[in-house]
Amino acid sequence: MAYGGHVVFCGADAEACEGEIVILRGDNGSGKTTLLNILTGNLQPSSGFIHLDINGGCEMFVFPRPFWRRLTGLGHFAPERLARAGLGRSWQELRLFRTQTVRENLSVAVPRQLGENPLWPLVTPWRVNRQEAAILRDCERRIAEVELTSVLGTEHVDSLSLGQAKRVGVARALNAEARILFLDEPLAGLDRQGRIAIVRLLANLVASRRLTVFVVEHPSNIGELLPFATRVWTIHDGLISQQVGPGQKEAHTTVGSVVEKHWLFGSDGPAQDEAVDLGAGGRLTIARSIHGQGQLPLLEAREMTVSRRGRFVIGGSKDGSSKSSLTLVLRPGDIALLEAPNGWGKTTLLEALAGLLPLSSGMVRLAGRDITAAPPWVRRSAGISFLRAEFNSFPALSVRECLSLAGVRESPPDLQRFLPRRVDTLSGGEQQRVALAIATMGAGCTVAVLDEPFSSLDAQGMAVWRRRVLADAQHRATLIAVPSA
């Protein structure tokens, strides 16, 4: 596969059989997501062939495609055709219908619905209604299957945490009756309980339904999958396929421990730290910098409570666990790590600090200025930079254009070679590095509020970003939210 002369990978040969769990791994930019896009019909490779034997049908796709196949449509290689054949897919970004309920997101994936043809609801509306009722009942069972019974099926997706929405994405792919399932970082953003639940679900599906599952995952989560994997595809100077023996594991670390080790307790990082129990499983660890002692706080939040759709998320009582209002004070050079389980309210808290959600009570000050009622654009101009967990870049713009829009005066050395490329041609890890540069190096940034900043980053990407941030840490306060280990 090549993009405009840039070869992503060459000579990739591998196979997978029914009932296998295949881990696809490689460094950022090696081509993992590109390979998934090819295998699901979203991209056509420059050359080669794909042999698909599924649901009793056998077909060979040869590339480049003959011109007469493109003209006639015979043997058309496209995602909708492969989906009908039995290939399912989840994406790094959620791609859920946010204004729809959980049940509606799951039901839309069910194939062969009568309502897809506008004539059936007119001719036999009772049949359509009966089928839709049965589909909704099946969706309730699917919700229980992915251990989301705590989330009502009538709850809208935009009210879910990132980890909960990830499970909805996996459940939707399963609802499409896929025999081969491609999952792009399904464990990213999940706490340990959520990761265990998804891995156990995949293992059960493979054992009971003889599915074939391909998983692209962050290096820190691969250790969770290896005990159940049967094969590993590694992209490095081609594609290397290796079988995995029963119980084989790799040394790995969780996201939380990686952050603590390299950010809070590194020898060249801030010298002091303090921990605060936030209740309901949440913990805030602040690495205090000696440069901030005696200085005016950059970010000061006092007795914050925040609600969504009339339900308290920050403050009040949740699931029988008392969670008091939140107070946070950060001075220049401070780095704060917020660790909490999925559904705790990490994203809600960060969105409230950025001005995307109003406070139910409390106040927020930035460098002594009261910004409690200020809209997001005023807060950004005042110095708060917010990196969202998703939808954090313009895919159709070049990297140079994105950095220019954010007011990044000098492009980081690790992004120089990407400047002329469109963001949507970069790998997930490369896109995250661009987003992090925008969030931490943009004009006037004095407080960086980062939601799941390490998703998709490999060890090299984390090391580069850490050096960059610590080099300028004296002039900025940083708040990082990650799932609990």
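Predicted model: local features only at pLDDT ≥ 70, side-chain atom pairs only at ≥ 80, totals over all residues.

Biologist: In which sense do strand 3 and strand 9 pair, and which residue of strand 9 is the bridge partner of isoleucine 23?
Modeller: Strand 3 and strand 9 are joined over four bridges, in the parallel sense. The bridge partner of isoleucine 23 in strand 9 is valine 232.

Biologist: Which residue of strand 10 stands opposite valine 232?
Modeller: Strand 9 (residues 231-235) pairs with strand 10 in the antiparallel sense, over five bridges. Within strand 10, the residue opposite valine 232 is glutamine 242.

Biologist: Which residue in the turn between strand 9 and strand 10 has a positive phi?
Modeller: Strand 9 and strand 10 form a hairpin, with three residues between them. The positive phi in the turn is about 55°, and it belongs to aspartate 237.

Biologist: Are helix 14 and helix 15 roughly parallel or roughly antiparallel?
Modeller: Helix 14 (residues 428-441) packs with helix 15 (residues 459-471) at an angle of about 10°, and their axes are 11 Å apart. Angles under 35 degrees count as roughly parallel. The relation of helix 14 to helix 15 is therefore roughly parallel.

Biologist: How many nonpolar, polar and charged residues make the contact of helix 14 with helix 15?
Modeller: Helix 14 contributes Arg433, Leu436, Ala437, Thr440 and Met441. From helix 15 come Gly461, Trp465 and Arg468. By class, the contact has four nonpolar, two polar and two charged residues.

Biologist: Where is methionine 304 placed, and is it buried or exposed?
Modeller: Methionine 304 belongs to strand 13 (residues 299-308). Its relative accessibility is 0%, and buried means under 20%, so methionine 304 counts as buried.

Biologist: What is the distance from methionine 304 to serine 325, C-alpha to C-alpha?
Modeller: Leaving aside neighbours within four places in sequence, the contacts of methionine 304 include Ile314, Ser325, Leu326, Leu349 and Val364. Methionine 304 and serine 325 are 21 residues apart in sequence. In space, their C-alpha to C-alpha distance is 5.2 Å.

Biologist: Where does arginine 95 lie, and how is its accessibility classed?
Modeller: Arginine 95 has a positive phi of about 55° although it is not a glycine. Arginine 95 lies in the loop between strand 6 and helix 4 (102-107). At 40% relative accessibility, arginine 95 is classed as partly exposed.

Biologist: Where does arginine 210 lie, and how is its accessibility classed?
Modeller: Arginine 210 is likewise not a glycine, yet has a positive phi of about 55°. Its place is the loop between helix 8 (192-209) and strand 8. With a relative accessibility of 42%, arginine 210 counts as partly exposed.

Biologist: Which residues are joined by a cis peptide bond?
Modeller: Proline 64 is found in the loop between strand 5 (57-63) and helix 2 (67-72). The cis bond, with omega of about 0°, joins this proline 64 and phenylalanine 63.

Biologist: How many disulfides does a search of the whole structure find?
Modeller: Cysteine 10 is exposed, with a relative accessible area of 60%. Cysteine 445 is buried, at 9%. The number of disulfides found is zero.

Key. Residues numbered from 1 in each chain as written. Heavy atoms only, no water. Disulfide = S-S within 2.5 Å. Buried < 20%, exposed > 50% of the residue type's maximum accessible area, 1.4 Å probe, protein only. Pairing = 2+ DSSP bridges. Helix = DSSP H or I, 4+ residues; strand = E, 2+ residues; numbered from the N terminus. Axes fitted to C-alpha atoms, helices over the stretch in contact; angles between N-to-C directions. Parallel < 35°, antiparallel > 145°, perpendicular 65-115°, else oblique. Contact = heavy atoms within 4.5 Å. Nonpolar A, V, L, I, M, F, W, Y, C, P; charged D, E, K, R; others polar.
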